[in-house]
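Visitor: I am new to this structure. Please show me how to read a few of its features.

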Amino acid sequence: LEIEEEEDDEKRAQIEQMAKAMGMSVEEYQLGMNARSRMENAINDLRVVGGEESSGVFVERDGNMPPKHLVVTVTEEGK
């Protein structure tokens, strides 16, 4: 249990240091980091599609630039 408490103290001190460097309170810093995490997840989970498989070209990607998820389907009709 002592090791966990030491790690928590180190993590807490690191968060306090980062918040202070940004001119924020710890609560504001944690709120901002949680918002950032939710935004990153939303962008990663987003799927945008373009084209139509029936026309021969179909693209699926996420919201990142450059995309982490990119699927391009080109059929014989689309060539």
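Guide: Start with Val72, which is found in strand β3. Strands (E, at least two residues) and helices (H or I, at least four) are DSSP runs, numbered from the N terminus. This is a predicted model: local features need pLDDT of at least 70, side-chain atom pairs count only at pLDDT 80 or more, and totals for chains, interfaces and linings use all residues. Residues are numbered from 1 along each chain as its sequence is written, and side-chain values use heavy atoms, with hydrogens and water left out.

Visitor: Which residues make the nonpolar surface patch?

Guide: Val57, Leu70, Val72 and Val74 make a patch of about 320 Å². Its largest share, three residues, comes from β3.

Visitor: Where is Asp62 found?

Guide: Asp62 is in the loop between β2 (57–61) and β3 (70–74).

Visitor: What is the nearest side chain of opposite charge to Asp62, and how far away is it?

Guide: A salt bridge pairs a side-chain nitrogen of Lys or Arg with a carboxyl oxygen of Asp or Glu within 4 Å. Asp62 has none; Arg61 is the nearest such side chain, 4.5 Å away. Asp62 is also buried, where buried means under 20% relative accessible area, exposed over 50%, and partly exposed in between (1.4 Å probe, protein chains only).

Visitor: Which backbone nitrogens lie by the side chain of Asp62?

Guide: The backbone nitrogen of Lys68 is 3.1 Å from a polar atom of that side chain. For the backbone nitrogen of His69, the distance is 3.0 Å.

Visitor: Why does Ile15 count as partly exposed?

Guide: Because its relative accessibility is 23%. Ile15 lies in helix α1 (residues 2–21).

Key: Lys and Arg count as positive and Asp and Glu as negative; His and the chain ends are not counted. A polar contact is a pair of N or O atoms within 3.5 Å; within protein, one must be able to donate a hydrogen and the other to accept it, and residues adjacent in sequence count only if both atoms are side-chain atoms. Patches are made of residues with over 30% relative accessible area and no salt bridge: like charges are joined within 9 Å, nonpolar side chains (Val, Leu, Ile, Met, Phe, Trp, Tyr) within 5 Å. Accessible areas come from the Shrake-Rupley method with a 1.4 Å probe; for residues, only the protein chains shown count as cover.
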